[in-house]
Amino acid sequence: TTLGENLARVPDEIDLIIDAESPDKRTKTFKDLSKIAKTTEFKPLKDYELLSWVKAEVSKSGQKITDGAARQLLSATSADQWRMSNEIAKLLALNQSIDEQLVSEMIEPDLATNAFSVLEMAILGKAKQAAAEVKKLRQIEDPNKFFGLLTSQIVALAAAVFGDVDSAKELKVHPFQLTKANELARQLGDHRVQKTRVKHVARVMAETDAKMKLSNADQAWTLVEVALSRI
């Protein structure tokens with residue numbers, strides 16, 4: 001109501017972003033917005049649509065991006081379209097063809113991406129690489145936040161192995177996250193092996209969660225490292 005009452009006072013140069021999964025177009029506020037302002041609805045895109053969107057955004061400026069670089073950008077940003085838009089603008093400002101090396105040098109992977117990478121390394125037996133990544137994260141990230149994102153990746157992996165598209169939606173697993181989880185699941189072996197491995201991982205993480213809640217804050221990273229070594 002307050003928004004609708006004050007719309008006329010908002011300067012033209014102001015952009016308003018409303019994040020709503022299912023906006024109710026019947027409301028007075030929505031109707032008032034439509035009358036006074038230019039509105040654009042951005043619906044979540046599927047993976048292949050995101051890749052096409054990235055290429056289109058780059059080509060608007062007369063520059064090019066390789067397929068590998070576009071996929072790497074999606075991964076580094078966890079397919080967050082708002083962040084991708086900002087990162088594309090940064091890459092375009094360099095005025096050169098965008099390849100994987102440039103994306104790697106210029107785009108800092110977000111914590112969710114790092115969580116998936118560490119989980120993937122741990123599950124695929126790359127313990128040293130996983131430990132090295134965690135060592136870096138210890139210096140700059142909160143262990144509980146990282147553990148939460150790690151758990152989110154495991155939920156996605158469980159949805160990929162035990163569930164279907166509908167169950168993934170119920171668990172609020174992002175389509176891009178589910179795609180990555182499916183790719184990881186296929187590397188674990190046949191479906192029987194996948195289920196066994198995911199059950200084990202889930203058990204280890206549940207035990208770790210309980211320990212973290214009963215431990216001192218300075219022990220959190222150590223518990224995360226021990227958990228990763230066990231999966």
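**Salt bridges in the predicted model**

The structure holds eight salt bridges, each being a side-chain nitrogen of Lys or Arg within 4 Å of a carboxyl oxygen of Asp or Glu. Side chains of opposite charge can pair when their charged atoms come close. This is a predicted model, where local features need pLDDT of at least 70, side-chain atom pairs count only at pLDDT 80 or more, and totals for chains, interfaces and linings use all residues. Residues are numbered from 1 along each chain as its sequence is written, and side-chain values use heavy atoms, leaving out hydrogens and water.

One of the pairs is Asp67 with Lys55, whose closest N and O atoms sit 2.5 Å apart. Asp67 belongs to helix α4 (residues 67-76) and Lys55 to helix α3 (residues 47-59), so the pair ties together parts twelve residues apart in sequence. Helices here are DSSP runs (H or I, at least four residues), numbered from the N terminus. Asp67 is partly exposed at 41% relative accessibility, and Lys55 is partly exposed too, at 33%. For these labels, buried means under 20% relative accessible area, exposed over 50%, and partly exposed in between (1.4 Å probe, protein chains only).

Helix α8 (residues 127-138) has a pair of its own: Lys136 and Glu133 lie three residues apart there, about one turn of the helix. Their closest N and O atoms are 3.3 Å apart. Lys136 is exposed at 52%, while Glu133 is partly exposed at 23%.

Arg138 bridges to Glu225, with 2.8 Å between the closest N and O atoms. This pair links distant parts of the chain, as Arg138 in helix α8 and Glu225 in helix α13 (residues 220-230) are 87 residues apart. Finally, Arg83, Glu87 and Lys90 join up in a salt-bridge network.

How values were computed. Helices (H or I, at least four residues) and strands (E, at least two) are DSSP runs, numbered from the N terminus.
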